[in-house]
Amino acid sequence: RCHAASVATEALNDIAKMCEKDCKEKEQAPHFCPAAAHALLKKQCHNVAAGNVDENSGITSFAAMHLQSLIITACSTAIAASDQAELPSLQRAGLQLLSALVEGFGEATDPESTDNELVLQQYSSQIASAVRHALTISTPEGEIACEGLPQLFAVGCNALNVIAKTSIITDGNVHRRFARALLSSCSNLPS
């Protein structure tokens, strides 16, 4: 899982770099804009059905079309545990993937929404839970000194920073829970 999440994060970052070179605005790139991906796939399907294809054309897959699977993978990996033991390296990889997804899709609108809702808003509770888990991680003694946990806390803080720059979580109560978790964990950090 850890390796898969790391590979997915690298792939998503590589796609973002390619889109930045090819497109003036990432928001219109089909990999990061579900509406653009849907429109392009519809056009490709129409071309295939009409027989207007050559060896370089056909149906292309875009990251935007796999967003639900990517979010589920990132969130479940970010809270992974085995026999009630935390798996910090795996959790860090999940949070890094989640951060990359929020950076890539944070401003993308949901093509099925009538009020221009952001596509990631439908996953806001899973995203918040995954990040809050990293911010509240501690040993039974209340310390974050366990191996790998300070790094997980740092990646969680980075994920929170990425999320704060978007409007995907609009509930003030969720933001207060983030602040409480952050302040509580900061007091348990080793000197």
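This is a short talk through one predicted protein model, from the whole chain down to a few single residues.

Okay, hi everyone. Some ground rules before we look around. The model is predicted, so local features need pLDDT of at least 70 and side-chain atom pairs count only at pLDDT 80 or more, while totals for chains, interfaces and linings use all residues. Residues are numbered from 1 along each chain as its sequence is written, and side-chain values use heavy atoms, with hydrogens and water left out.

How confident is the predictor? The mean pLDDT of the chain is 80, and 75% of its residues reach 70 or more; pLDDT is the predictor's confidence in each residue, from 0 to 100.

Now the layout. The chain has seven helices and two strands. Here helices (H or I, at least four residues) and strands (E, at least two) are DSSP runs, numbered from the N terminus. Reading from that end, you get α-α-α-β-β-α-α-α-α.

Of the 191 residues, 39% count as buried. Buried means under 20% relative accessible area, exposed means over 50%, and partly exposed is in between, using a 1.4 Å probe and protein chains only. The accessible surface of the chain is about 10,800 Å², and 50% of that belongs to carbon and sulfur atoms; the areas come from the Shrake-Rupley method with a 1.4 Å probe, and for residues only the protein chains shown count as cover.

What about contacts, meaning heavy atoms within 4.5 Å? Take those between residues at least 6 apart in sequence: 65% of them join residues at least 24 apart.

Let's zoom in on a helix pair. Helix α3 (residues 67–78) and helix α4 (residues 88–105) pack at about 145 degrees, with axes 7 Å apart. Those axes are lines fitted to C-alpha atoms, for helices over the stretch in contact, and angles run from 0 to 180 degrees between N-to-C directions. Who meets whom? On the α3 side the residues include Leu 67, Leu 70 and Ile 71, and on the α4 side they include Leu 90, Gln 91 and Gly 94. By class, that contact has 12 nonpolar, four polar and no charged residues. Nonpolar means Ala, Val, Leu, Ile, Met, Phe, Trp, Tyr, Cys and Pro; charged means Asp, Glu, Lys and Arg; the others, Gly among them, are polar.

Staying in α4, look at Ser 99. Is Ser 99 buried or exposed? Ser 99 counts as buried because its relative accessibility is 8%. Leaving aside neighbours within four places in sequence, Ser 99 touches Asn 158, Ala 159 and Val 162.

Next, the loop between α4 and α5, where we find Pro 111. Pro 111 has 42% relative accessibility, so it counts as partly exposed. Beyond its neighbours within four places in sequence, Pro 111 is in contact with Pro 34 and Ala 35. Pro 111 and His 38 are 73 residues apart along the chain, yet their C-alpha atoms are separated by 8.5 Å.

That loop between α4 and α5 also holds Asn 116. Most residues other than glycine have a negative phi. Asn 116, though, has a positive one, near 55 degrees. Asn 116 is exposed because its relative accessible area is 60%.

Last stop: His 31, in the loop between α1 and α2. With a relative accessible area of 16%, His 31 is buried. His 31 and Met 65 are 34 residues apart in sequence, and 7.9 Å apart C-alpha to C-alpha. That's my tour, thanks!

Terms used: Contact means heavy atoms within 4.5 Å.
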